[in-house]
Amino acid sequence: MNQVTILDGATAVQPMEAAFASTLQHVGVNGFDTVFVDAINQIAETRRVYGFECTADGSTSKLICGWSPNAPLDAINREYVHKFRNSDPIYNVLTKKEPSWRFGLLRVCPQELGDTDYRRIYYDRFNISERISFLQKLDNGNWLTISISSGDRGFSDAEIDGLTRFAMLSKPALSRYVSTDPEEKHRSFSYEELERRFEIACPSLTRRQRQVCARTMAGATAEAVGIDLGISKSTVLTFRRRAYERLGICSAYQLSGFVFN
């Protein structure tokens, strides 16, 4: 364990209906971080979730989201930054040599940690038996790390698979959340705003295809899209299929990559 699995180029082909749809609907809305953590807890039984944006050399890190039912996360974060950050395998991965990959998965087994104080304070006292961390290189050169901890039983293979697919699908939304000005995080996206973004990012789409894609990305069903646009469900499906063909994708969950990248 404590080895990085490189996920560059990997695709999530199976749908994550409830968890991903909920997250996608809250992109650009204040409270996205809470919805994101809640979505993770729909996929797996977790003991703690937290996310950091850190510089490439690991010298500076900022907490961007988190959930810890057993202790205040702010207090945990302060102690981590001041005392134990250098003992975290994430720090070693990012600082020993600049990674050539941009997205990876790091699994950590507490028993393999060399710093016994770090292990005791951050793992043993919360009965954490495993942690997985997704490491994503941002456009500004910093790294986004999302760490998810499990209790006594550890993560099942199905949970690892589900969390990995969810992380891959959520990359564009997370990148946007981290880079957005705090004032902008209070603003939600209307269908019209999403259509405008599709027009800029995907000029090959027709107006109706952009309308369908915007509503689909926001989580609307084909029936709901048809009612909103005044067209039949079968017509919605036709426009959606043609749009997917032009964009080279096969699911609604890949649409966010065009809008938020």
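Q: Which element gives the largest share of the lining of the largest cavity?
A: This is a predicted model, in which local features need pLDDT of at least 70 and side-chain atom pairs count only at pLDDT 80 or more, while totals for chains, interfaces and linings use all residues. Residues are numbered from 1 along each chain as its sequence is written, and side-chain values use heavy atoms, with hydrogens and water left out. The largest cavity is lined by 15 residues (those with an atom within 4 Å of a point of the cavity), and the elements that give two or more of them are β2 (48-54), α4 (89-96) and β6 (143-150), where helices are DSSP runs of H or I with at least four residues and strands are runs of E with at least two, numbered from the N terminus. The largest share of this lining, 4 residues, comes from α4.

Q: What is the volume of the largest cavity?
A: The structure holds 4 cavities of 30 Å³ or more, a cavity being a set of points on a 1 Å grid where a 1.4 Å probe fits but cannot get out. A volume is the space filled by probe spheres set on the points, which are joined across faces, edges and corners. For the largest cavity, this volume is about 130 Å³.

Q: How many residues in the lining of the largest cavity are charged?
A: Ala, Val, Leu, Ile, Met, Phe, Trp, Tyr, Cys and Pro count as nonpolar, Asp, Glu, Lys and Arg as charged, and the others, Gly among them, as polar. Nearest the centre of the largest cavity lie Cys 54, Tyr 80, Arg 85, Ile 90 and Tyr 91. The whole lining divides into 7 nonpolar and 5 polar residues, while the number of charged ones is 3.

Q: Which element gives the most to the lining of the second largest cavity?
A: The second largest cavity has a volume of about 90 Å³, and among its 13 lining residues Phe 36, Phe 134, Ile 146, Ala 167 and Leu 174 are the closest to its centre. At least two lining residues each are supplied by α2 (32-43), β5 (130-137), β6 and α6 (157-179). By class, this lining has 11 nonpolar, 1 polar and 1 charged residues. The most, 5 residues, is given by α6.

Q: Is the crossing of α7 and α8 left-handed or right-handed?
A: The axes of α7 (residues 191-201) and α8 (residues 207-217) come within 8 Å and cross at roughly 120 degrees, with axes fitted to C-alpha atoms over the stretch in contact and angles running from 0 to 180 degrees between N-to-C directions. This angle makes α7 oblique to α8, since under 35 degrees counts as roughly parallel, over 145 as roughly antiparallel, 65 to 115 as roughly perpendicular and the rest as oblique. A crossing is left-handed if the near helix is turned anticlockwise from the far one by less than a right angle, and right-handed if clockwise. The crossing of α7 and α8 is right-handed.

Q: Which residues of α10 does α9 meet?
A: Helix α9 (residues 222-229) and helix α10 (residues 233-247) pack at about 105 degrees, with their axes 8 Å apart, which makes α9 roughly perpendicular to α10. In their contact (heavy atoms within 4.5 Å), α9 brings Ala 222, Glu 223, Val 225 and Gly 226, and these meet Lys 233, Val 236 and Leu 237.

Q: How far apart are the C-alpha atoms of Val 93 and Gly 58?
A: Val 93 is found in helix α4, and, leaving aside residues up to four places away in sequence, Val 93 touches Val 4, Pro 99, Trp 101, Leu 106 and Leu 135. Although Val 93 and Gly 58 are 35 residues apart along the chain, the separation of their C-alpha atoms is 9.7 Å.

Note on methods: 1 Å grid on protein atoms, 1.4 Å probe; cavity = no way out; pocket = protein on both sides within 12 Å on 5 of 7 lines; lining within 4 Å.
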